[in-house]
Amino acid sequence: MNRILDGVTPTSSTSDLASSLSFPSNFLWGTATASFQVEGAAEADGRSPSIWDTFCRTPGAVAHGHTGDVGSDQYHRYAEDVGLMKELGIGAYRFSLAWPRILPDGIGKVNPKGFEYYHRLLDALHAAGIRPAVTLYHWDLPQVLEDRGGWTNRDIVGWFGEYAEAVYKELGDKVDFWMTLNEPFCTAILGYLTGHHAPGITDRAKAYAAVHHLHLAHGAAVDAYRATGQGGEIGIVLNLSTPRPATRRPEDVEAADRAADMPTRMFLDPIMGRGYPERHLAAYPAAPVPMRDGDVEKISRKIDFIGVNYYTEHVVAFDPDSPEKFRSVPQCEPVTDMGWPIVPKGFHRHLRWIAENTNGLPLYVTENGCAMPDELDDTGTRCHDPRRIDYLRSHLGACARAIADGVPLKGYFVWSFIDNFEWAFGYTRRFGIVYCDYLDARRVPKDSFYFFRDVVSGAEA
Ligand code: GCO
C-alpha cells in the first residue's frame, strides 16, 4: 500500500494544468444524483420513511429544517430532466434507488408502485439513448431497519442482500451498470461517529461496526448480482481522502499518510482484500471491527470498477498536541460555497494514487463538481456560473492528464445534474449544472450545463 505521495510525484504532464480536454472516444460522460436528494414525493405510492426523513425532523439537524419532501421533484419531472440530459449528449445517468420505495418494510413485501416509478425513469432513459448507472444505496435507509439497529446490526447484511436480489430481479433487464454503496465512509462515520448525518449517532464502536457491516453488505450484493448471471458491471463508490503534507519534513509526510488511514484505508483496503489498517485499529482498541472468519473474503469479492468521488484535497501537518498527532492546516486555494479548497492538481494526484492501489481496476469519476452561490439573471432564464465552469475545466484537465499518465479512467459523472437537497445543508448549497427554482421546481440550465455539453461533444478538446 503506497504512502499517499510516494507514488504520485508529479510527472512532466502535471506542469500544464490547462492541458486540452480531449478524452477517449468511448469515454463515458454522465451526470449524477441520488434518490433522497432529488426525488421528493416522500410519501407517494407507498414509500415509507427513511432515516433522513427522521433526521430532517430532528431540531437543528438540517439547515432551516429543510426536508426531502419535495427535493428537486424529479419523481414528477423525470421526463423533463431526461430531456435535458439528452440535450447534454451524455451517455449515462447515475441515480440511486430509494430502498423505502421498493421495500417499505425494509425486507419482505415488495411495493410494486415503488418499482413502477423506476421503470418509468429507466424507460425514459433508454428511449433517450442514456445508460442507467444505478446506485443501490445512497443513504436513505428505511427507518424500520434503523429501528432494528441499522448498519450496527450484522443482520443488515442479509436485509441488504434481499433488497439487492429484489432489485436485480425486477430491473436487471434494464440496468447493466450497478453501484452497491455510495460513500460508506459518510454512512458509517458521519452517521454513527460524528452524528452530522442520519441517524445522528456519536459512537465510534457503533461506527466501526457499521463500516464492517456496510462492507459485508457490499459483498453480499456483489454475490447476489453474480448469481443472476445478468453479466453487467458492478462496483462501489468511495470518497477516499489523500491529503498532501504541509512540508516535505518526514513528520509531516508521515502525518499526511496516517491521516488517510480512516477515510481511505478503512474503506479501500477491505474492498481490495487487504483487511483493515492495523495502525488505525490499534489506536482505537475500544472500537474493534467485529470481524469473523471468512469476512475478508466476503468483502473483497471481485468487482468491475471503483467509483471515485472527489471534491477537494486537504493539507495535513504533524501536530504533537492533537489526539491523532496530525491536523489540517490552512491552504492557499480559493474555496467553493462549501468552503472546500479548489485543488485540481490534487485530483490528478488522487486519481494516480487510487490507480496505484487498486491493481489496475477500471475507475469512473462518479462525482465531481462544486457548490457555488448561483442566482438567476434578471430575465430569470439564465444562470451565469463562471466559477463552476472554471472548476469543471480544471478538474476535467486533471482527469485528462491522469488518463495520459496511464490511469484506467473510463468515465466522468458531474455532481450534480440539478441543484438538490445537500444533506445537513438542506437546499442552501447548489451543486447542479441545472438550476432548480425551489419555489416551483422550474429547471434553468446554467452556463456550466452548456459548457459540459461542449466538453461531451468534443468542442472543448
Ligand atoms: C457525497 C454525496 C453527495 C453530495 C455531494 C456534495 O459525495 O457526499 O454522494 O450526495 O451531495 O458529494 O457534497
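Which of the 13 residues around the ligand come nearest? Select the ligand and look for Gln37, Glu183, Tyr311, Glu367 and Glu422, which come nearest; a residue is near a molecule if one of its heavy atoms lies within 4 Å of it.

This is a predicted model, in which local features need pLDDT of at least 70 and side-chain atom pairs count only at pLDDT 80 or more, while totals for chains, interfaces and linings use all residues. Residues are numbered from 1 along each chain as its sequence is written, and side-chain values use heavy atoms, with hydrogens and water left out.

**The ligand**

Stay on the ligand and show the shell around it: six of these residues are nonpolar, four polar and three charged. Here Ala, Val, Leu, Ile, Met, Phe, Trp, Tyr, Cys and Pro count as nonpolar, Asp, Glu, Lys and Arg as charged, and the others, Gly among them, as polar.

Next, select Glu183, where a polar side-chain atom lies 2.3 Å from an oxygen atom of the ligand. For Glu367, an N or O atom of the side chain is 2.6 Å from a ligand oxygen, and for Asn182 the distance is 3.0 Å. A polar contact is a pair of N or O atoms within 3.5 Å; within protein, one must be able to donate a hydrogen and the other to accept it, and residues adjacent in sequence count only if both atoms are side-chain atoms.

**Arg47**

Go to Arg47, in the loop between α1 (35–38) and α2 (51–56). Helices are DSSP runs (H or I, at least four residues), numbered from the N terminus. Arg47 counts as buried because its relative accessibility is 9%; buried means under 20% relative accessible area, exposed over 50%, and partly exposed in between (1.4 Å probe, protein chains only). The side chain of Arg47 reaches the backbone oxygen of Ala42 at 2.9 Å.

**Ala79**

Now select Ala79, in helix α3 (residues 74–88). Ala79 counts as partly exposed because its relative accessibility is 48%.

**Helix α11**

Last, select residues 261–271, which form helix α11. Are its residues mostly covered or mostly open? The helix is mostly covered, with 11 of its 11 residues buried; among them are Met262, Arg265, Phe267 and Ile271. After α11 comes Gly273, with a positive phi near 85 degrees.

Note on methods: Helices (H or I, at least four residues) and strands (E, at least two) are DSSP runs, numbered from the N terminus.
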